[in-house]
Amino acid sequence: FAINMTQLELEEELGRGNYGTVKKVLHKPTNVYMAMKEIRLELDEAKLNAIIMELDILHRAASPEIVDFYGAFFIESCVYYCMEYMDAGSLDKLEVDGIPEDVLGRITGAMVRGLKFLKDDMQIIHRDVKPTNVLVNRKGEVKLCDFGVSGQLERSLAKTNIGCQSYMAPERIHGESQGNLGTYTVSSDVWSLGLAMIEMAFGHYPYPPETYANVFAQLQAIVHGDPPELPDEGFSDEARDFVARCLHKIPDMRATYAELLAHPFLEADRQREVDMVGWVAGAIERRNAKFRAQLEQAQQMHSS
Ligand code: ADP
């Protein structure tokens, strides 16, 4: 069946990204809550149609580690994209206190299986691996979203891509600075995975923009500096080695997904129990408490 706007009841806004807003919606015919992403594009109808057709292959991307796709349509110059609603949101907002090794292992395992599924079964390179694109629910499930499936959509979005946190691998930054967009391979996603793990462990992006004079200096640090590492404290040698296998400056030296799945870090994850439900509930509670505190502070400043 095809989804359209008349079937949807709009609920609250879930978040805003670089390209548009994401709202919670109720799909009335099935009584299913969904997340609907609105992407505003100044394109003609033929191009919008091409995007909807290209997105259709997402119906085949059924995997426990990939956010379910329900359908897409366009109205005027906006593409609407309906997907599984993940009630704990994205990892960037849950990681702020840092993520402990056992939980990091669970999340990493899901990310590697999801990326391997995309590559082996869908011939898709994700191209945008980062904590914002990893969604979590209260059942403790971890799933990937926002991967590059529509060439037309990627091309239309590329022009508006800004953002001061780069998860791009060194060879990709270098390639783009030379005007060469073709240097992207699956191992570039492996770099982004390693960087996302460092960010989750520390609770913040490892090349904080405020420590660099400008974006150029920040990108220089990624391309020419030593790759970041997991902290000694709180992380095992296996975890640190796993990240080092991802964050190799030379693309061919990075581990493959099969190698990562067989790595002792993920082997250990399969051997132990991890209370993901408890961790998600606690992280949401801390996120909400922080939000309430900020709100209170803002109100006090306003009244004084
Ligand atoms: P970006 O463009 O930065 O990747 P998105 O537009 O994809 O961001 O999403 C913005 C925010 O909306 C996310 O950070 C997340 O909190 C929320 N969000 C996105 N998709 C979903 C979903 N399927 N379920 C719940 N929340 C979501």
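A residue is called buried in this tour if 20 or more other C-beta atoms lie within 10 Å of its own, exposed if 12 or fewer do, and partly exposed in between, with the C-beta atoms placed from the backbone. The model on the screen is predicted, so local features are taken where pLDDT is at least 70 and side-chain atom pairs where it is 80 or more, while totals for chains, interfaces and linings use all residues. Residues are numbered from 1 along each chain, as its sequence is written.

**The whole chain**

Along its principal axes the C-alpha trace spans about 55 × 50 × 45 Å, and 35% of the 304 residues count as buried.

**Around the ligand**

Next, select the ligand and the 22 residues that surround it, of which Gly 15, Gly 17, Val 22, Ala 35 and Met 86 are the closest; a residue belongs here if its C-beta atom, placed from the backbone, lies within 6 Å. Strand β1 gives the largest share of this shell, three residues, and β1 (8-16), β2 (20-27), β3, β5 (78-84) and β6 (89-90) each supply at least two.

Now select Lys 37 in strand β3, which runs over residues 32-40. An unreviewed UniProt entry annotates Lys 37 as "binding site"; such positions are given in the numbering used here, feature names are shortened, and annotations may be inferred rather than shown by experiment. Lys 37 is buried because 20 other C-beta atoms lie within 10 Å. Leaving out residues up to four places away in sequence, Lys 37 touches Gly 20, Val 22 and Tyr 81, where contact means C-beta atoms, placed from the backbone, within 7 Å.

**The nonpolar core**

Move on to Cys 82, Met 83 and Ile 107, which touch the most other members of the largest nonpolar core, a group of 71 residues. Helix α5 (residues 186-202) gives the most to this core, with nine residues. Such a core is a set of buried Ala, Val, Leu, Ile, Met, Phe, Trp, Tyr and Cys residues joined through C-beta atoms within 7 Å. With Met 83 selected, look for its contacts beyond four places in sequence, among them Met 34, Ala 35, Val 67 and Cys 145.

Then go to Asp 146, in the loop between β8 (142-144) and α3 (151-158). Its phi is positive too, near 60°, but Asp 146 counts as buried, with 21 C-beta neighbours inside 10 Å.

End at Ser 63, in the loop between α1 (45-55) and β4 (69-75). Ser 63 counts as partly exposed, since it has 17 C-beta neighbours inside 10 Å, and it touches Gly 114 and Phe 117, not counting residues up to four places away in sequence.

Key
Helices (H or I, at least four residues) and strands (E, at least two) are DSSP runs, numbered from the N terminus. Two residues are in contact if their C-beta atoms, placed from the backbone, lie within 7 Å.
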